[in-house]
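Here are my notebook entries from a walk through this model. Have the structure open beside you and follow along.

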Amino acid sequence: MPITRPGTTGYFLPMTELTTARKRASISQDYLDRLLRYYEEEISGEAYFYGLLEAFGESEKVTLLARMERSAAQSIEPLLEKYALGPVNEAQLKDLGESEVSRHQGLSWHQFMTHIVKRYPLYLDEFYALEAMAPAADLPLLQALTAHEVAVIEFAEHELAGKPDSVQSLKLYLALPRIKGASVT
Ligand SMILES: [Fe+2]
């Protein structure tokens with residue numbers, strides 16, 4: 001399902017504007033491919049976490065993790081619009097996310113948090129690499145994407161450490177105002 005937001009016409013800009021935007025910033029195809037792929041992975045990630053809602057007896061925390069994924073995706077939607085990437089097939093991405101659920105639903109909560117602490121820094125490296133190849137104008141939105149991974153890893157570390165306020169990093173991230181698309185043009 002194509003994603004459109006109120007006040008926009010979807011991800012498609014007139015070709016002249018698009019060409020100018022890409023030329024002005026010397027955008028590589030690799031950068032654009034990654035941007036779209038990482039966006040899609042967050043959409044799949046949301047479905048993945050919602051699929052794990054009942055797996056650990058921690059549905060409130062898993063709901064926050066699902067919301068982090070959607071929020072991270074939303075943070076870079078203005079960039080998809082800027083470069084006319086998409087539209088994405090939400091239903092397909094949801095199926096993809098749900099197909100990953102069975103790999104982890106047998107884990108204990110402790111094992112799942114350990115998985116996040118070990119595995120997610122690799123995603124973080126990918127986001128830093130994306131920032132390194134981005135034009136300066138895109139950085140504030142990409143940094144919001146990166147920050148969600150930092151917050152999720154911090155949450156899992158605090159869970160493993162038994163800290164009572166472990167969800168704080170997630171709640172702080174979710175409370176941040178999203179940067180509007182107009183600021184990246
Ligand atoms: Fe994510």
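Which residues have the most contacts inside the largest nonpolar core? I looked them up: they are Leu35, Phe49, Leu65, Met68, Ile76, Leu80 and Val152, in a core of 37 residues. By nonpolar core I mean a set of buried Ala, Val, Leu, Ile, Met, Phe, Trp, Tyr and Cys residues joined through C-beta atoms within 7 Å. A residue is buried if 20 or more other C-beta atoms lie within 10 Å of its own, exposed if 12 or fewer, and partly exposed in between, with C-beta atoms placed from the backbone. The elements giving two or more residues to this core are α2, α3, α6 (109-132), α7 (139-160) and α8 (168-175). The largest share, 10 residues, comes from α3.

**Ground rules**

I note that this is a predicted model, in which local features need pLDDT of at least 70 and side-chain atom pairs count only at pLDDT 80 or more, while totals for chains, interfaces and linings use all residues. Residues are numbered from 1 along each chain as its sequence is written.

**Overview**

I found 8 helices and 0 strands. Helices (H or I, at least four residues) and strands (E, at least two) are DSSP runs, numbered from the N terminus. Of the 185 residues in the protein, 31% are buried. Among contacts between residues at least 6 apart in sequence, 78% join residues at least 24 apart; contact here puts the C-beta atoms, placed from the backbone, within 7 Å.

**α2 with α3**

I checked this pair next: the angle is about 160° and the axes are 8 Å apart. Axes are lines fitted to C-alpha atoms, for helices over the stretch in contact, and angles run from 0 to 180 degrees between N-to-C directions. The two helices are therefore roughly antiparallel (angles under 35 degrees count as roughly parallel, over 145 as roughly antiparallel, 65 to 115 as roughly perpendicular and the rest as oblique). Their crossing is left-handed, with the near helix turned anticlockwise from the far one by less than a right angle (clockwise would be right-handed). By class, the contact of α2 with α3 has 14 nonpolar, 1 polar and 4 charged residues. Ala, Val, Leu, Ile, Met, Phe, Trp, Tyr, Cys and Pro count as nonpolar, Asp, Glu, Lys and Arg as charged, and the others, Gly among them, as polar. I zoomed in on Phe49, which touches Val62, Leu65, Ala66 and Glu69, leaving out residues up to four places away in sequence.

**α2 with α4**

How do α2 (29-51) and α4 (90-99) pack, and at what angle? I read about 50°, with axes 7 Å apart, so the pair is oblique. Their crossing is right-handed. The contact of α2 with α4 has 5 nonpolar, 4 polar and 5 charged residues.

**α3 with α8**

I get an angle of about 35° here, with axes 10 Å apart. Leu64, Arg67, Met68 and Ser71 of α3 meet Leu170, Tyr173 and Leu174 of α8.

Most residues other than glycine have a negative phi, and most peptide bonds are trans. Ala84 has a positive phi of about 55° and is partly exposed, with 18 other C-beta atoms within 10 Å. The peptide bond from Gly86 to Pro87 is cis, with omega near 5°.

Notes. Contact = placed C-beta atoms within 7 Å.
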